[in-house]
Amino acid sequence: MDENFARIGIVSAVDNANRKARVIFRDKGMTSGWLYVLQHPGANVHVKGSGDHTHMISDTYSGSGSASTDGAHDHVATVTGWMPALNTVVLVLYLPVFGGDGFILGAI
């Protein structure tokens, strides 16, 4: 297998609008071109509460507070795309062809 197939590097630039980043490979003394950051298309996550509990509330009008809930209920959160920050250590996978595109798989 080609030693350049998978590489570990450090993010040196981020293009959030196009979901791309550039990575420095210190062991090779080079910087990548713009690489796509792999994305999950988004999902709703449901968390089932274990019963009565209190929610902390923060708003710009009252400052903060709390509200109790009765019984078990779902909490729903939406998972959105992820982009690495500058200096994040990431794993990059290149297609195994000469000059093949590369993709940032995630942070390490």
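Reply: A nonpolar core is a set of buried Ala, Val, Leu, Ile, Met, Phe, Trp, Tyr and Cys residues joined through side-chain atoms within 4.5 Å. Buried means under 20% relative accessible area, exposed over 50%, and partly exposed in between (1.4 Å probe, protein chains only). This is a predicted model, in which local features need pLDDT of at least 70 and side-chain atom pairs count only at pLDDT 80 or more, while totals for chains, interfaces and linings use all residues. Residues are numbered from 1 along each chain as its sequence is written, and side-chain values use heavy atoms, with hydrogens and water left out.

Me: Which residues form the largest nonpolar core?

Reply: In soluble globular proteins, nonpolar side chains tend to be buried together. Here the largest nonpolar core has 11 residues: V11, A21, V23, F25, L35, V37, M83, V90, V92, Y94 and I104. Two or more residues of this core come from each of the elements β2 (20-25), β4 and β9. Buried residues make up 21% of the 108 residues in the chain.

Me: How many helices and strands does the chain have?

Reply: Helices (H or I, at least four residues) and strands (E, at least two) are DSSP runs, numbered from the N terminus. The chain has 0 helices and 10 strands.

Me: What does Y94 touch?

Reply: Contact means heavy atoms within 4.5 Å. Beyond its neighbours within four places in sequence, Y94 is in contact with N4, F5, R7, F25, S32, L35, G100, D101 and G102. S32 counts as buried because its relative accessibility is 2%. With residues up to four places away in sequence not counted, S32 touches A21, R22, V23, F25 and Y94.

Me: Is V89 buried, partly exposed or exposed?

Reply: V89 is in strand β9 (residues 89-94), and its relative accessibility is 33%, so V89 counts as partly exposed. Together with I8 and I108, V89 makes a nonpolar surface patch of about 290 Å². Accessible areas come from the Shrake-Rupley method with a 1.4 Å probe; for residues, only the protein chains shown count as cover.

How values were computed: Patch = residues over 30% accessible without salt bridge, like charges linked within 9 Å, V, L, I, M, F, W, Y side chains within 5 Å. Salt bridge = Lys/Arg side-chain N within 4 Å of Asp/Glu carboxyl O.
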